[in-house]
Structures are given as structure tokens and as C-alpha cells.
Amino acid sequence: MYKKQMIFQKIVCMAALIAAVLVFVGSLGFATDLYDGMSKAVDYPGTEWEYEKVPGAMIYYETFEFNSAFTVVSIVLLILTLLLFITNTHSRRKYYIGNFISTGIVVAAQIVTAVWCIPQIMGYKHKYLNNVDFEALEAFAKDWGTLYTGPDDTFWFDICYVIFGILLLTSCLLIVNLILKMTVMKGEQEALANGKGEANG
């Protein structure tokens, strides 16, 4: 049993690391299409002379603060996930307090990141689909040679949902792994205790 659990814990820890990397990639790509399609559609953003050449194009600049924080959070999540490997949670046969703490920190960081990001991404997607004048954006793209991102071009919004789904799945798997590890450790302790009892008998 313990061999299967050991294989499982390695897979789960690696999956958590991959999920953290995906979150980082998602943070880098989040505003890519918005930048290519709308960065030139607003004159003097953030000033009193601000002017939208395309109604709703300001959404690109509105995402700045969130996108910057998103990237920072993804880097912190990635660093915290490395705790699983620093404490040998991926390979240790017997877990100690450090392994339980590192698992708890990573699971908490994963959940907090998802809970913080998903509603904001949903909000920006809603603004994108409902506030942008896509006919004007298409005409602007033809005139200025910029990328046209239509209402169907929601790849980076949608892929973030997939990424956070994977992240939350790894949270569940880390918890399952911890339960399995505790079960295996208890079984080994009982086996040792029974062996000593028989030897003494």
C-alpha cells in the first residue's frame, strides 16, 4: 500500500507545481488579446484628456492593476508550491510536522488565489462582452491594422477558468494524499506494534 501511496504523492506534488506554473502563464497571457486589440484605441488613458476611439476599449487599462497583482500572486503561489519539494513532501515515506504545514500552506494558497482571481476575471469578461462596441472595434482594426478581438475571442478569459479548475483539483488531491499518508503511517505503526507484541510474546 505504501508504495502506491508514495507514487501518488509524487504525482500530486508535481501536479501542484504544474498547476502553479499554469497560473503564472495565465497571468502573463491574461491581457494579451486586449493589448493587441485595444491599447491603441484609447488616447491619453488616465488623464483628463482620455478619449476612447472605440467605446469600451478602456477595459484594457482597467485590467492593469489586477493583472499586475495577478502576476505577483502567481509568483508567490509558485514559490510556496516549492515548499512541497523543499520539505520532501513529494518523496518522504514518513511525514513530519513540516510536511503537514507545507501541504496546508500550499492548499490554502491555491484556494485563496482561485477565490480571489475567478470573480475578477468573470467581471472583466462581462465588461468585455457587454461594454465594448465590437463593430467599432472591427472598423478600427481595419483602419489601424490592429488585431480584431471579437465577442467570440475570449480565450484568455476562458482558459483561466480551466487553469483554476486544475489548481483546485490539485488542492483536493493534496488533501486526499495527506489522508492516505496518515492512514498508511497509522497502518505501519500498528504493524510494528503488533510485531513487537508477538516478539515479546
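Glutamate 65 sits in helix α4; helices here are DSSP runs of H or I with at least four residues, strands are DSSP runs of E with at least two, and both are numbered from the N terminus. The model is a predicted one, where local features need pLDDT of at least 70 and side-chain atom pairs count only at pLDDT 80 or more, while totals for chains, interfaces and linings use all residues. Residues are numbered from 1 along each chain as its sequence is written, and side-chain values use heavy atoms, with hydrogens and water left out.

Back to glutamate 65. With a relative accessible area of 69%, glutamate 65 is exposed. By definition, exposed means over 50% relative accessible area, buried means under 20%, and partly exposed is in between, with a 1.4 Å probe and protein chains only. From glutamate 65 to leucine 28 is 37 residues in sequence, and 13 Å in space from C-alpha to C-alpha.

Now the partners of α4. How do α1 and α4 pack? Helix α1 covers residues 2-29, and its axis is 8 Å from that of α4, at an angle of about 165 degrees. The axes are lines fitted to C-alpha atoms, for helices over the stretch in contact, and the angles run from 0 to 180 degrees between N-to-C directions. The two helices, α1 and α4, are therefore roughly antiparallel to each other. That term applies to angles over 145 degrees; under 35 is roughly parallel, 65 to 115 roughly perpendicular, and the rest oblique. The crossing of α1 and α4 is left-handed, a label used if the near helix is turned anticlockwise from the far one by less than a right angle, with clockwise giving right-handed.

Which residues meet there? On the α1 side they include Leu17, Val21 and Phe24, and on the α4 side they include Phe70, Ile75 and Leu78. Contact means heavy atoms within 4.5 Å. Sorted by class, the contact of α1 with α4 has 11 nonpolar, six polar and no charged residues. For the classes, Ala, Val, Leu, Ile, Met, Phe, Trp, Tyr, Cys and Pro count as nonpolar, Asp, Glu, Lys and Arg as charged, and the others, Gly among them, as polar.

Valine 21 belongs to helix α1. Valine 21 counts as partly exposed, at 37% relative accessibility. Between the C-alpha atoms of valine 21 and glycine 37 there are 26 Å, for 16 residues along the chain.

The other partner is α6. Helix α4 (residues 64-81) and helix α6 (residues 97-131) have axes that come within 10 Å and cross at roughly 160 degrees. That makes α4 roughly antiparallel to α6. The crossing of α4 past α6 is left-handed. Among the residues that meet are Phe66, Val73 and Leu80 in α4, and Ile105, Trp116 and Tyr124 in α6. This contact, of α4 with α6, has 13 nonpolar, four polar and no charged residues.

How many disulfides does the search of the whole structure find? For cysteine 13, the nearest cysteine sulfur is that of cysteine 172, 15 Å away. Cysteine 13 counts as buried, at 0% relative accessibility. Cysteine 160 is in no disulfide either, and its nearest cysteine sulfur, that of cysteine 117, is 7.9 Å away. Cysteine 160 is buried too, with a relative accessible area of 1%.

Then the loops. Tyrosine 44 is in the loop between β1 (42-43) and β2 (51-52), and is exposed, with a relative accessible area of 55%. Asparagine 88 is in the loop between α5 (83-86) and α6, and is partly exposed at 30%.

Is threonine 146 buried or exposed? Threonine 146 is buried, with a relative accessible area of 15%. Its place is the loop between α7 (134-144) and α8 (155-200). Leaving aside neighbours within four places in sequence, threonine 146 is in contact with Asp36, Gly37, Lys40, Phe140 and Ala141.

Last, glycine 195, which lies in helix α8. Glycine 195 is partly exposed, with a relative accessible area of 34%. The C-alpha atoms of glycine 195 and valine 42 are separated by 76 Å, and the two residues are 153 apart along the chain.

Technical notes. A disulfide is a pair of cysteine sulfur atoms within 2.5 Å.
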